[in-house]
Amino acid sequence: MTSTTPPAKKDHGRAGRNLPAAIGSAVVLIALIIASLVFWKPAFAFVVAAAVAVAIWELGQGFRARSINIPEEPLMVGGVTMVGVAYIWGAPALVTATAVTGLVIMLWLLRRGVDGYVRDATASMFALLYVPFLGSFYALLASEDRGVEGIFAVIAVTALSDIGGYVAGVLFGKHPMAPVISPKKSWEGFAGSVVFCVLGGVALATWLLHTHWWVGVAMGLIAVVMATLGDLCESVIKRDLGIKDMSQIIPGHGGLMDRLDSLLATVAPIWLLLHYLVFA
């Protein structure tokens with residue numbers, strides 16, 4: 001007789017993820033980013049634009065679980081345009097492109113009629129600001145004369161938040177930070193993130209950005225707070241939508257948005273810090 005019992009899910013321990021697959025995927029993504037920055041910096045803008053398009057698709061799939069239907073086509077076209085104008089013409093052009101994209105989306109939704117207009121328009125504006133607007137700050141950073149170093153600093157200090165939280169959480173985590181939202185996130189993990197981010201921020205500021213050590217402290221504190229908030233906010237979104245991951249396109253990580261949550265949250269304030277205190 002053939003058994004109909006479904007195979008048991010593999011236990012990945014307290015980490016909650018397939019660590020070898022996660023590391024392998026991260027190495028591939030990091031190599032793609034480094035290659036685009038080192039060999040031809042404009043290629044990085046194309047990488048950001050592609051990531052924005054994929055992330056919008058993932059959000060659209062997740063929203064449909066709650067019968068929310070955002071218009072992916074104008075969001076993708078507008079998002080890619082926002083990345084491009086941010087890289088070429090800077091922050092004022094990004095603001096203008098964001099406003100125009102928002103207006104186009106609201107006009108686009110008029111074709112569907114009255115029913116659900118506010119619901120879908122509100123979700124669309126949320127998606128517009130969450131993904132392409134915040135993602136475009138990487139294009140702004142890349143357009144700086146020392147933008148390559150700045151991008152490496154943002155990605156590195158954000159990764160240190162994740163690494164510090166993971167290590168301290170697995171080893172010492174006992175007190176949940178937000179048990180209803182993210183049961184695996186602990187205050188001990190947050191403390192580990194603070195230590196890793198501040199020390200890493202000082203090292204990056206001193207050796208990579210060649211600026212004052214206290215800029216590194218500020219960068220580290222910004223990263224740990226914003227990365228944690230970004231992770232918690234995406235957890236709330238997924239719980240509200242009733243999904244575990246945004247998609248399964250990245251082995252060991254889930255969806256692209258499951259990796260971009262912290263990176264999107266940290267880049268805008270760190271760009272502001274670097275733009276006026278380091279690159280000015």
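Helices (H or I, at least four residues) and strands (E, at least two) are taken as DSSP runs and numbered from the N terminus. The structure is a predicted model, in which local features need pLDDT of at least 70 and side-chain atom pairs count only at pLDDT 80 or more, while totals for chains, interfaces and linings use all residues. Residues are numbered from 1 along each chain as its sequence is written, and side-chain values use heavy atoms, with hydrogens and water left out.

The protein contains nine helices and two strands. Along the sequence these elements follow the pattern α-α-α-α-α-α-β-β-α-α-α. Of the 280 residues in the protein, 46% are buried, where buried means under 20% relative accessible area, exposed means over 50%, and partly exposed lies in between (1.4 Å probe, protein chains only).

Met 219 is placed in helix 8 (residues 213-241). This residue counts as buried because its relative accessibility is 0%. Leu 273 is 54 residues from Met 219 along the chain, and the C-alpha atoms of the two are separated by 7.6 Å.

Packing between helices was described with axes, which are lines fitted to C-alpha atoms, for helices over the stretch in contact; angles run from 0 to 180 degrees between N-to-C directions. Helix 2 (residues 41-63) packs with helix 5 (residues 117-142) at an angle of about 165 degrees, and their axes are 10 Å apart. Helix 2 is therefore roughly antiparallel to helix 5. For these terms, angles under 35 degrees count as roughly parallel, over 145 as roughly antiparallel, 65 to 115 as roughly perpendicular and the rest as oblique. The crossing of helix 2 and helix 5 is right-handed; a crossing is given this name if the near helix is turned clockwise from the far one by less than a right angle, and is left-handed if anticlockwise.

Helix 2 also crosses helix 3 (residues 72-89), at roughly 155 degrees, with the axes coming within 9 Å. Helix 2 is thus roughly antiparallel to helix 3. The crossing of helix 2 and helix 3 is right-handed. The loop between these two helices holds Ser 67. Ser 67 is not a glycine, yet has a positive phi of about 60 degrees. With 55% relative accessibility, Ser 67 counts as exposed. A positive phi, of about 55 degrees, is also found at His 210, again not a glycine. His 210 is situated in the loop between helix 7 and helix 8 and is exposed, with a relative accessible area of 62%.

Side chains of opposite charge can pair when their charged atoms come close. A salt bridge was assigned where a side-chain nitrogen of Lys or Arg lies within 4 Å of a carboxyl oxygen of Asp or Glu. This rule gives a count of five salt bridges. In one of them, the side chains of Asp 231 and Lys 185 meet at 2.9 Å, N to O. Asp 231 belongs to helix 8 and Lys 185 to strand 2 (residues 182-186), so the pair ties together parts that are 46 residues apart in sequence. Asp 231 and Lys 185 are both buried.

Helix 8 also holds Glu 234 and Lys 238, which are separated by about one helical turn because they are four residues apart. Glu 234 and Lys 238 form a salt bridge in which the closest N and O atoms are 3.7 Å apart. Glu 234 is buried at 2% relative accessibility, and Lys 238 is buried with a relative accessible area of 12%. The closest N and O atoms of Arg 119 and Asp 120 are 3.0 Å apart in their salt bridge. Arg 119 is partly exposed, at 41% relative accessibility, whereas Asp 120 is buried, with a relative accessible area of 5%.

Surface patches were built from residues with over 30% relative accessible area and no salt bridge, joining like charges within 9 Å and nonpolar side chains (Val, Leu, Ile, Met, Phe, Trp, Tyr) within 5 Å. Accessible areas come from the Shrake-Rupley method with a 1.4 Å probe; for residues, only the protein chains shown count as cover. One nonpolar patch, of about 740 Å², consists of Ile 163, Tyr 166, Val 167, Leu 171, Phe 172, Val 195, Phe 196 and Leu 199. Helix 6 (147-172) and helix 7 (187-208) are the elements that give two or more residues to the patch. Helix 6 supplies the largest share, five residues. Ile 163 is found in helix 6 and is partly exposed, at 42% relative accessibility.
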